[in-house]
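Visitor: I'm new to this one. Can you walk me through it?
Guide: Go ahead and ask.

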Amino acid sequence: MESCTRCESGKEKRGMIISMNTRCFTPVDAACNPSGVVPPGDVRGAARTGPPARGSRSSVVIRLAMRVSRSKWFSFLRRVFQYQNGTRSDPSSNPLNSGFWMMLELVALAVQLSMILVTLSVSKKEKPFWPLRIWIAGYEIGCFLSLLMLYGRYRQLHLPRVDGSSSSLSDVEEQRTTTDSRISHLTNKCKTSLDLFFAIWFVMGNVWVFDSRLGSFHRAPNLHFLSLTLLAWNAICYSFPFLLFLLLCCIVPLVSSLLGYNMNMGSTDRGASDDQISHLASWRYKEAIGDIESANNANEDTECCICLAKYKDKEEVRQLPCSHIFHLKCVDQWLRIISCCPLCKRELH
């Protein structure tokens with residue numbers, strides 16, 4: 001009898017210990033572990049009650065930085081900055097001469113011209129103290145001239161040209177180089193004159209609009225609102241180079257140093273495929289005849305900037321979309337590593 005009672009009491013004690021252990025290790029009941037310390041054997045409790053790791057947050061930030069650095073708009077801004085701080089010898093390598101950017105310029109000019117025409121037709125009875133109508137009309141003339149220059153740029157760079165099939169390759173290249181140099185020289189003169197006109201007009205508009213001594217805003221609210229809108233747009237355009245410098249030379253290096261990831265190399269770390277390379281133009285080089293032509297093309301057309309060797313007669317060369325020419329073997333190896341031009345850093349699209 002005594003042995004039976006001892007066995008039963010031992011079973012009851014073991015049951016009480018097991019129930020207490022299960023109760024202490026359940027995640028719902030925290031009374032058994034008030035200090036919040038997780039036992040060494042409870043891995044699930046450690047994973048559940050431990051604080052979130054900082055590595056996951058940093059990995060998310062690095063992934064976001066990688067997406068930004070590999071985006072099209074970021075690579076476009078980098079190419080604009082590199083072109084503006086380069087030699088600017090080739091207008092076709094300018095990212096601002098691309099078809100997409102020209103379309104944006106066309107939309108912006110069309111919107112400004114529409115706003116000016118609508119506002120002038122609505123505000124016929126308004127009588128401002130300063131001649132704001134003259135300023136707005138002059139701004140409209142400048143927009144119209146910018147529209148004509150935009151068409152000239154598009155026609156020069158993007159429309160196909162018809163060359164004579166009987167002429168040799170050197171004659172065609174010489175004629176095209178001469179014509180392009182004349183057109184680009186004339187275009188640069190017109191653009192400089194138009195930029196000077198807009199700069200003077202911008203200063204005059206600020207003086208007339210922000211002159212608070214006379215308080216003519218209530219006399220012509222529509223004209224003043226239109227003038228303020230046009231001045232704000234011009235202020236954004238004039239501050240674009242400074243904002244671009246601030247982004248690429250201050251913010252991007254700071255973020256890259258904090259994250260340990262070079263954002264400037266994010267958009268150029270992927271090489272081009274063989275199919276993309278094979279669609280690029282290539283031909284056999286022909287040496288220039290004459291001292292004038294060789295002197296004009298000494299820096300760009302007679303030497304490969306990758307291997308620093310001069311082109312030889314009947315040697316295969318390849319031309320990139322930015323119109324820069326290299327040895328076929330040199331540039332093919334380069335593009336398989338980095339899909340951009342070695343000179344202007346323009347990427348292959």
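Visitor: What does the accessible surface of the protein chain come to?
Guide: About 23,600 Å², and carbon and sulfur atoms hold 63% of that. Such areas come from the Shrake-Rupley method with a 1.4 Å probe, and for residues only the protein chains shown count as cover. This is a predicted model, in which local features need pLDDT of at least 70 and side-chain atom pairs count only at pLDDT 80 or more, while totals for chains, interfaces and linings use all residues. Residues are numbered from 1 along each chain as its sequence is written, and side-chain values use heavy atoms, with hydrogens and water left out.

Visitor: How many of the residues count as buried?
Guide: 28% of the 349 residues in the protein chain. Buried means under 20% relative accessible area, exposed over 50%, and partly exposed in between (1.4 Å probe, protein chains only).

Visitor: And the secondary structure, what is in it?
Guide: The protein chain has 12 helices and 3 strands. These are DSSP runs numbered from the N terminus: helices are H or I with at least four residues, strands are E with at least two.

Visitor: OK, helices. How do H5 and H6 cross?
Guide: The axes of H5 (residues 99–122) and H6 come within 10 Å and cross at roughly 155°. Axes are lines fitted to C-alpha atoms, for helices over the stretch in contact, and angles run from 0 to 180 degrees between N-to-C directions. H5 and H6 are therefore roughly antiparallel; angles over 145 degrees count as that, under 35 as roughly parallel, 65 to 115 as roughly perpendicular and the rest as oblique.

Visitor: Which classes of residue make up that contact?
Guide: The contact of H5 with H6 has 15 nonpolar, 2 polar and 4 charged residues. Ala, Val, Leu, Ile, Met, Phe, Trp, Tyr, Cys and Pro count as nonpolar, Asp, Glu, Lys and Arg as charged, and the others, Gly among them, as polar.

Visitor: What about H6 and H8, how do their axes cross?
Guide: At roughly 40°, with the axes of H6 (residues 132–157) and H8 (residues 221–238) coming within 11 Å. That angle makes H6 oblique to H8.

Visitor: Which residues meet there?
Guide: Among them are Trp135 and Tyr139 in H6, and Leu226 and Trp233 in H8. Contact means heavy atoms within 4.5 Å.

Visitor: Switching topic: is Asp332 buried or exposed?
Guide: Asp332 counts as buried because its relative accessibility is 9%. Asp332 sits in helix H12 (residues 328–337).

Visitor: What does Asp332 touch?
Guide: Ile277 and Arg318, leaving out residues up to four places away in sequence.
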